[in-house]
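Here are my notes on the model, for reading beside the sequence and the coordinates. Please check each point against the display.

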Amino acid sequence: MRIGVPCEPPGQPLVAATPHTVERLARLGHEVLIEPGAGSQSSYPDADYEAAGATLAPAAQIWDCDMVLGTGAPTTDQLDLMHSGAIVVGRLDPARSPELLEALTSRGLTGLAMDAVPRISRAQAMDVLSSQANLAGYRAVVEAASHFGRLFSGQVTAAGKFPPAAVYVIGAGVAGLSAIGTASSLGAVVRGTDVRPEVADQVRSMGAQFVALPSAQEESSDGYAKEMSTDQEAAARALYAEQAAASDIVITTASIPGRRAPLLLDRQAIEAMRPGSVIVDLAAANGGNAELTEPGKVITTPGGVTIVGHTDLARRLPAQASQLYGQNIVNLLTLATPGKDGDLVLDMEDPILRAITVTRQGELMWPPPPITVS
Ligand code: NAD
């Protein structure tokens with residue numbers, strides 16, 4: 001299969017294939033065409049792609065390939081360049097993109113949504129939400145450290161001593177655990193909370209203390225948090241406010257699939273934090289976990305609390321974000337190229353391939369049936 005990798009739009013430094021993943025795609029029997037400059041913002045020069053076996057080609061040829069790999073969703077102008085029956089791969093956000101699904105079906109295209117990979121053990125190597133969340137958690141700590149203006153580790157020097165920074169992480173999923181590990185390794189004293197009680201041991205294993213909620217949820221069956229009752233929410237917010245007031249840095253990562261992010265820190269809780277404290281809100285793009293977060297901005301409150309609302313934390317590590325994203329695609333295409341002969345087989349009996357196939361040669365396939373295996 002001829003696979004095209006286009007340049008991404010301005011402001012999107014990632015690329016859907018790196019020289020390393022191009023080699024892996026070639027080993028599956030695929031031929032890869034790259035638009036010149038596609039990897040430049042991720043520090044992958046054209047020459048490295050050519051050395052890996054890819055061919056440089058202009059945009060029109062890229063979009064005329066049998067399969068086009070992107071990091072987001074294509075525009076309708078780009079879809080107009082594709083031929084009927086071709087396949088587009090990307091983070092297509094199918095639940096919130098009815099117009100895109102319509103554009104794919106009306107053109108007879110197949111859409112594979114990387115952000116619809118099911119959260120089952122077998123699919124872990126293809127899960128772009130996890131691979132990017134892991135980087136976002138790391139980067140959240142780097143951002144916090146650069147705005148914090150003090151050391152993370154405790155110091156004892158001839159001129160005086162400082163205590164270690166106190167970091168509190170709310171939400172101990174993929175991003176939260178990554179933030180906990182990173183902050184611990186910088187020498188901070190870290191605490192973490194999650195509504196899912198089953199993550200307590202994971203929090204401790206990353207070097208943090210687990211702070212339990214007054215009324216925790218039952219162990220989750222699918223790895224995801226459920227919405228809390230009003231009473232549970234009030235009790236949780238009181239705990240978050242108390243912990244935040246005693247912390248230098250708060251990193252919030254709470255989210256519930258398909259919903260606006262839960263509000264964890266209200267204005268009062270933020271105002272009670274010490275001057276110089278920092279909040280990094282990883283849910284900024286989805287409504288924010290802190291009441292005063294401004295998506296895409298860094299603000300400082302009149303009380304001296306800095307709130308980081310970056311919505312592009314993983315993209316701030318573009319070389320590795322691209323490498324992990326590209327590897328997720330390779331792992332997916334390994335499943336879909338069983339003969340390693342360049343022939344793509346989209347087996348709709350396979351729960352992973354079924355879940356990501358949002359349209360198939362013009363047929364609407366979204367939403368997929370519920371997954372019954374794990
Ligand atoms: P997520 O981004 O949906 O949520 C982040 C965290 O916020 C979760 O741990 C959630 O419990 C927590 N949270 C939600 N509301 C909260 C609140 N009010 N207060 C405190 N915490 C709150 O989740 P995620 O990080 O993408 O994944 C969650 C879990 O799913 C992982 O820890 C893992 O166990 C599982 N998972 C499995 C796979 C797989 O098997 N392929 C892939 C990814 C994740």
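Which residues of helix H1 (residues 19–27) are buried? The answer is in point 2.

1. Basis. The model is predicted, so to speak of local features pLDDT must be at least 70, side-chain atom pairs count only at pLDDT 80 or more, and totals for chains, interfaces and linings use all residues. Residues are numbered from 1 along each chain as its sequence is written.

2. Helix H1. Helices (H or I, at least four residues) and strands (E, at least two) are DSSP runs, numbered from the N terminus. In H1, Pro19, Thr21, Val22, Arg24 and Leu25 are buried; a residue is buried if 20 or more other C-beta atoms lie within 10 Å of its own, exposed if 12 or fewer, and partly exposed in between, with C-beta atoms placed from the backbone. These buried residues pack against strand S1 (2–5), strand S2 (31–34), helix H2 (46–51) and helix H11 (318–336). Contact here requires C-beta atoms, placed from the backbone, to lie within 7 Å. Gly29 follows H1 and has a positive phi, near 95°.

3. Strand S5. From S5 (residues 87–90), Ile87 and Val89 point one way, Val88 and Gly90 the other, and all are buried. Strands pair if DSSP finds at least two bridges between them. S5 runs parallel to strand S4 (residues 67–69), with three bridges, and parallel to strand S6 (residues 110–113), with four bridges. Val88 is the bridge partner of Val68 and stands opposite Gly111 in S6. From S5 the chain crosses through helix H5 (residues 98–106) to S6, a right-handed β-α-β crossover; right-handed means that, with the strands pointing away from the viewer, the path from the first strand over the helix to the second runs clockwise.

4. The seven-stranded sheet. This open sheet has mixed pairing and the order S11-S10-S9-S12-S13-S15-S14. Strands S11 (209–210) and S14 (298–300) stand at the edges, each with a single partner strand, so one side of each has no neighbour in the sheet. S14 pairs with strand S15 (residues 306–308) in the antiparallel sense over three bridges, and Thr300 stands opposite Thr306. Helix H6 (residues 128–148) packs on the sheet, touching strand S12 (249–252), strand S13 (278–281), S14 and S15, and its direction makes about 155° with that of S13. Axes are lines fitted to C-alpha atoms, for helices over the stretch in contact, and angles run from 0 to 180 degrees between N-to-C directions.

5. Ala60. Ala60 is found in helix H3 (residues 59–63). Ala60 is exposed because 9 other C-beta atoms lie within 10 Å.

Terms used. Contact = placed C-beta atoms within 7 Å.
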